[in-house]
Amino acid sequence: MSRLEAAANVVLRVPALALLDVLYRWDAAAVAELLRPRPGEGLRGDALLRPRALWGASCVGHVLCVVLLVLPVRSLVRLYLHLLTALLLCAGHQRASDFVRHELQRGSQGAVYSDVAEFGRFATALAGQLCICILCALLMRTRQAWLFAAPLLPVLARLCGFPLHALPVANTFAAILTSMEVLYVLGSHVLVPFRLAAAACREVLQATELYRLLALGVSLWSQLSVPLLFLVFWLVLFSLRLSSFLVSSGSPVAQQGLLFVLLSSVAECCSTPYSLVGLTFTVSYLALGVLNLCKFYLLGFGAFQNGNVMHRGVTEGVTLLLLALQTGLLDLQVLQRTFLLSIILFIVVTSTLQSMIEIADPIVLALGASRNRSLWKHFRGVSMCLFLLVFPCFMAYKIAHFFHLDFWLLILVSSCMLTSLQVMGTLFIYALFVVELLQDTPLERMDEIIYCVNAVSRVLEFLVALCVVAYGTWESLFGEWSWMGASVIIIHSYFNVWLRAQSGWKSFLLRREAAKKINSLPRATRGQLRDHNDVCAICFQ
């Protein structure tokens, strides 16, 4: 698939997805209530059918949008070409109606070439209709441009000297002729959707086994470019909403600052399941871009040769989707949704920072241990670590400044503190490597020092998690108690306290046992080292 065809495959499906979003927002019962006749007007037969007719129209609209969404790209192109041709014909008939109305208003009965001004207006109308005929013929890929020349009839009638009262008749005849052509085209293609649906049903029936159904789903996912489709759809929706906020500078939202405007625009664009899925894919792509930028900053173009599957932004997108579904984001009002979405995005950003630490930590430590003296590489690694040290603290300060401190907020702040603690441990070990690099002889007991630094970092992380559990327990006992809060405390205690303590204690025991075994070995004397030329027992060098 070429790039142009791939772009068309995404762009041409966006209107169908936008219509599905509009149909989801459309409340048929509310519209039927508005269309219900007022007291005293009497009940009409069509009024009784309006609610059912609206629900039926909504169902038909959903089916048509789904069919339009899954059409092959070549069928989509043909459909849009036919729609564009129909719009051009409508524009041609509108121009013809305007021409007839202006001629009737002027009331000139003479030939069009008798007056220069009138001939100029006639030439303009004729040139416009000819351009429409040529464009329609190009879109339909036919040389028979006369098939689209029906809007020319009133203009040609004026040229031939027909009386003015005959021009509306010619215009009506031209509209009827075009309508008959449109009906003929619709009738000749009425079986195309059924043929496509039958082919799709045959393909689904053939895929009776589970793995074939999965293969069919993966194939449709790839052919429809679902992530890019929802990304483009949400970006268009967000751009329209943001532009409306920025244009209406007198609105209360626009006066709250740029950050609040952005959050309000995002909250407005996640009020339906379709827009929420679009926001999920948008966050995934943004996280992927940030992580790739982090890799490129640290390693250059060589960072993209072996990519980690966990650093593709999927975790951030899934986190946002699960939190939105768990908290009922779609059912909230706009203002409540804005504040809740700010907290969810804070968690997503924290997850992204954690992924950046997982990328930067081995690179920075390897840079310090490899005796690389490139100042630019060291600057990039250290600056990235400093950013990951300062930015989580700034985020924790901001969210603590805007919201009242409670158990949930403490969990968010503690995640930022853990991120900064991990970066501090990485920077300290890197500094030890650099100090060893600058010295002529290696540092004694370097391995023990690094182990102590890691142990202190893990102990501080354990203490932070323990403080969170203690505060949550105190708040549950003496404050507001809930099953949700108790379950979070239990899960947090198990994963972040008990498992951390168990893992740290096992590591300490293994380290102590290894130290005992090493200390039980005899140490070489200076004479033995001189006699054996100081040969290492492991690498024999």
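Author: First, a term: helices (H or I, at least four residues) and strands (E, at least two) are DSSP runs, numbered from the N terminus. This is a predicted model, where local features need pLDDT of at least 70, side-chain atom pairs count only at pLDDT 80 or more, and totals for chains, interfaces and linings use all residues. Residues are numbered from 1 along each chain as its sequence is written, and side-chain values use heavy atoms, with hydrogens and water left out.

Reader: How many helices and strands are there?
Author: The protein has 20 helices and zero strands.

Reader: What share of the residues is buried?
Author: 33% of the 541 residues count as buried. Buried means under 20% relative accessible area, exposed over 50%, partly exposed in between (1.4 Å probe, protein chains only).

Reader: Switching to packing. At what angle do H15 and H16 cross?
Author: Roughly 155°, and the axes come within 10 Å. H15 covers residues 334–369 and H16 covers residues 375–402. Axes are lines fitted to C-alpha atoms, for helices over the stretch in contact, and angles run from 0 to 180 degrees between N-to-C directions.

Reader: Parallel or antiparallel?
Author: H15 and H16 are therefore roughly antiparallel. The cut-offs: under 35 degrees is roughly parallel, over 145 roughly antiparallel, 65 to 115 roughly perpendicular, the rest oblique.

Reader: Which residues make the contact?
Author: Among them are Phe346, Leu353 and Ile357 of H15, and Lys377, Met384 and Phe391 of H16. Contact means heavy atoms within 4.5 Å.

Reader: What classes are they?
Author: The contact of H15 with H16 has 17 nonpolar, three polar and one charged residues. Ala, Val, Leu, Ile, Met, Phe, Trp, Tyr, Cys and Pro count as nonpolar, Asp, Glu, Lys and Arg as charged, and the others, Gly among them, as polar.

Reader: New topic. Where is leucine 153?
Author: Leucine 153 sits in helix H7, residues 153–159. Leucine 153 counts as partly exposed because its relative accessibility is 28%.

Reader: What does leucine 153 touch?
Author: Ala170, Phe173 and Ala174, leaving aside residues up to four places away in sequence.

Reader: And phenylalanine 245, buried or exposed?
Author: Phenylalanine 245 counts as buried, at 12% relative accessibility. Phenylalanine 245 belongs to helix H11, residues 226–247.
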